[in-house]
Amino acid sequence: MRTIRVVLADDEPLIRAGVRTILASDPGIDVVAEAADGRALVEAVRAHRPEVALVDIRMPGLDGLAAASEVRRIAPRTAVLIMTSFGADEYVARALGDGVAGFLLKTGDPREFSLGVRAVAEGGAYLSPPVAARVIREFAGDRLSRSAAARERIAVLTNREREMLALVGEGMSNAGIAARLHLAEGSVKTYMSTIMAKLGVPNRVRAAVIAHEAGLSGAG
């Protein structure tokens, strides 16, 4: 099993130490570098080219979102997983349009750190369940109307495409979806391109949000 290399960025040393300890319990994950601000994060990613950058959404100097955008520019194969709190909803709203792969709640279940890192490293999207619920509420305004709108949006999808969208909502990668549905991974990639085009979304995180809104995924 290949080791997933992670660069961890947070301006609070205790948070970094805690997250590193949590991730160290997973033998398939290796924190190869730490950063206390966004600029140091960008340099660490440039040096190590990790599979995942685990980034605090609020940091001094170059903040987490600006740093994440730069990471996506210099290392497009590095998935950005954002750590957030319920006090940072306005940042979450901005991040959804910037190609981030997922969101973790800092005060959530510690097991989600490994789950999230593994999901995005494999090309999936990960929304911590409490964050998913909050994002949907903050983004969508009235939950019932957004739920109805999401169901209307997915009406253009075939049954197979809805099945795949539900798995995206659960954070599954193309490889995971292919294994679950007994399809070639290339076929899943083609399906996913079609699904995102039909939904009019730029990335898997937005697609996952629609899955949650439409009730396709039980994770939200």
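1. Ser114 is found in helix α5 of this predicted model; helices (H or I, at least four residues) and strands (E, at least two) are DSSP runs, numbered from the N terminus. At 12% relative accessibility, Ser114 counts as buried, where buried means under 20% relative accessible area, exposed over 50% and partly exposed in between (1.4 Å probe, protein chains only). Leaving aside neighbours within four places in sequence, Ser114 is in contact with Ile22, Leu23, Asp26 and Ile29; contact means heavy atoms within 4.5 Å.

2. A note on conventions is in order. Residues are numbered from 1 along each chain as its sequence is written, and side-chain values use heavy atoms, with hydrogens and water left out. This is a predicted model, in which local features need pLDDT of at least 70 and side-chain atom pairs count only at pLDDT 80 or more, whereas totals for chains, interfaces and linings use all residues.

3. Helix α5 (residues 111-121) is largely enclosed by the rest of the structure, because eight of its 11 residues are buried. Those buried residues are Glu112, Phe113, Ser114, Gly116, Val117, Ala119, Val120 and Ala121. Gly123, which follows α5, has a positive phi, near 95°.

4. The strands form an open sheet of six, in the order β2-β1-β3-β4-β5-β6, with parallel pairing. β2 (29-35) and β6 (126-127) stand at the edges with a single partner strand each, so one side of each is left without a neighbour in the sheet. Two strands pair if DSSP finds at least two bridges between them. Four bridges join the parallel strands β1 (residues 4-9) and β3 (residues 52-56), and Ala9 has Val55 as its bridge partner in β3. β3 and β4 also pair in the parallel sense, over five bridges; the partner of Asp56 in β4 is Met83.

5. Six of the six residues of β4 are buried. Ala79, Leu81 and Met83 are buried on one side, and Val80, Ile82 and Thr84 on the other, which leaves both faces of β4 covered. In a regular strand the side chains alternate between the two faces of the sheet.

6. Helix α1 (residues 13-24) lies across β1, β2, β3 and β4 and runs at about 165° to β2. For this angle, axes are lines fitted to C-alpha atoms, for helices over the stretch in contact, and angles run from 0 to 180 degrees between N-to-C directions.

7. The largest pocket has a volume of about 250 Å³. Of the 16 residues that line the largest pocket, the closest to its centre are Arg72, Ala79, Gly99, Ala101 and Gly123. A pocket is an open set of points on a 1 Å grid over the protein atoms alone, where a 1.4 Å probe fits, with protein on both sides within 12 Å along at least five of seven lines; lining residues have an atom within 4 Å of a point. Grid points are joined across faces, edges and corners, and the volume is the space filled by probe spheres set on them. β4 (79-84) and α11 (204-213) each supply at least two residues of the lining.

8. Arg49, in the loop between α2 (38-48) and β3, has a positive phi near 50° and is partly exposed, with a relative accessible area of 40%. His182, in the loop between α9 (174-181) and α10 (185-199), has a positive phi near 60° and counts as exposed at 72% relative accessibility.
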